[in-house]
Amino acid sequence: MAERKTLTFAIMDAPYESARSTTALRLIDLAVRRGHNVNVFAYEGAVSVPFAKQTPHPNAVHGRDVAEEDHPNPKDWVQGVMEEAARRGGKVDWVQCGLCVDERGVVESIPGTRRGSPADFWKFVQESDNTLVIPTR
Amino acid sequence: MAKKALSIIATAYRATLEEQDDTIVWLTHALKGAGAELDVLLRGNAVNYAVKGQDASGLAFGERRQTRPPRIDEDVAKLIPKGVKVFIVEDDLRERGLERGDLIAGVEPIGRGQLPRLLGQYEQVWHW
Amino acid sequence: MSRYLFIESLDPFESNDVQQLWELAAGLVRDGQQVTLFLVQNGVLGARQHPRSERLIELAALGVEILADEFSLRERGIRVERLVRGVKPAPLDVVVDLLAEGHKALWH
């Protein structure tokens, strides 16, 4: 197990629009599995990633109902990462840029996320061992 | 000592009309207000952000008019008196048919060959 | 000496800008720095041998460590034996480890 560090990730992509959203979650998940504490600053479209009202759907093209499709929403993946962190005694501090939340109307996020601002991002940067910005395009 | 960051802005005009701002230039102002030590490097298409006289006014949807269009050149210019150095890649300007006379005052042109040394001056390098 | 981690998610077919990042990586190495270039997502499309592979081969020869995300390779059906010379497959864990070691990380 690696020495426990604190890593900060800034993410910007809304779910379902880019492969970056999934790679970001892969990195966050791996960081948690390797025992690190993780800060996430969700900016712009990324505030929709943990939106509590995402719901799964059936897939008529493939002839599958909701249960058969078994298609987790991104919020479920975020929840999975947070549960993994809790199991390992690590922390995930997920901050949602408040203005970005407001303008998108995605006020309800899953538990474990909190509202914040760019000041939180700067605090994360100062207090963590390293920061990776994953931009959008 | 506070960590110092170089914020490299490359993506340009992404959702700037909806946001009425460039979200990374805006973020830079907000971070500076929160006490951040950071400078900006404009590269790629974002070198156009330093072009004087950008005008995004006039957008309307039915009777709903946009009254506060983004003023990106002004927002970039306002970073400079706040102590943010704004570097701009000269080669990217030239490739886009831009000259120094097209630009707002105060940006610092830098050649691509000087970028390694510039990056070495910062603890953090972010690419937007 | 500084250690850099460049994470390249774009491919050289769709984006001219990828070349710029490769040139910056080369410039840093010539300046005495250490650079790891980690290809991910469509960035791995440039890792399969193709008519313009030479630049990537030159980068590797210059001393840039070039890795390609195993999952992204498998997702796109890119077999290891078809990789450009000097590019090695690697798990995404490497990115986390290099971040934890303090490499200056830049995502493109």
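I'll start with the core. The largest nonpolar core has 108 residues, and those touching the most other members are A:Phe9, A:Ile28, A:Val40, A:Ala42, B:Leu42 and C:Ala25. By nonpolar core I mean a set of buried Ala, Val, Leu, Ile, Met, Phe, Trp, Tyr and Cys residues joined through C-beta atoms within 7 Å. Buried means that 20 or more other C-beta atoms lie within 10 Å of the residue's own; exposed means 12 or fewer, partly exposed is in between, and C-beta atoms are placed from the backbone. Helix 1 of chain A, residues 19-33, gives this core its largest share, seven residues. As background, nonpolar side chains in soluble globular proteins tend to be buried together.

Some housekeeping. This is a predicted model: local features need pLDDT of at least 70, side-chain atom pairs count only at pLDDT 80 or more, and totals for chains, interfaces and linings use all residues. Residues are numbered from 1 along each chain as its sequence is written, while chains are lettered from A and ligands numbered from 1 in the order in which they are written.

Now chain C. Which residues does C:Ala25 touch, leaving out those up to four places away in sequence? They are C:Phe6, C:Val35, C:Leu37, C:Leu59 and C:Val64, where contact means C-beta atoms, placed from the backbone, within 7 Å.

Chain C has an open sheet of five strands in the order 4-3-2-1-5, with parallel pairing. Its edge strands are strand 4 (87-90) and strand 5 (104-107), each pairing on one side only. The twist averages 25° from one strand to the next. Strands here are DSSP runs of E with at least two residues, helices are runs of H or I with at least four, and both are numbered from the N terminus. Two strands pair if DSSP finds at least two bridges between them.

Strand 1 of chain C (residues 3-8) is joined to strand 2 of chain C by six bridges, running parallel, and C:Tyr4 stands opposite C:Val35 there. Strand 1 of chain C also runs parallel to strand 5 of chain C, over four bridges, with C:Leu5 partnered by C:Ala105. Strand 2 of chain C, residues 34-39, is mostly covered, with five of its six residues buried. Four bridges pair strand 2 with strand 3 (residues 65-69) of chain C in the parallel sense, and C:Leu39 has C:Ala68 as its bridge partner.

Next, the helices of chain C. Helix 1 (residues 17-30) makes a right-handed β-α-β unit with strand 1 and strand 2 of chain C. Right-handed means that, with the strands pointing away from the viewer, the path from the first strand over the helix to the second runs clockwise. Helix 1 of chain C lies across strand 1 and strand 2 of chain C, at about 165° to strand 1. Angles run from 0 to 180 degrees between N-to-C directions, with axes fitted to C-alpha atoms, for helices over the stretch in contact.

Chain A also has an open sheet of five strands, order 4-3-2-1-5, with parallel pairing.

Last, the contact between chains A and B. Chain A gives eleven residues and chain B gives 16 residues. On the chain A side, helix 5 of chain A supplies the largest share, five residues.

Notes
Contact = placed C-beta atoms within 7 Å.
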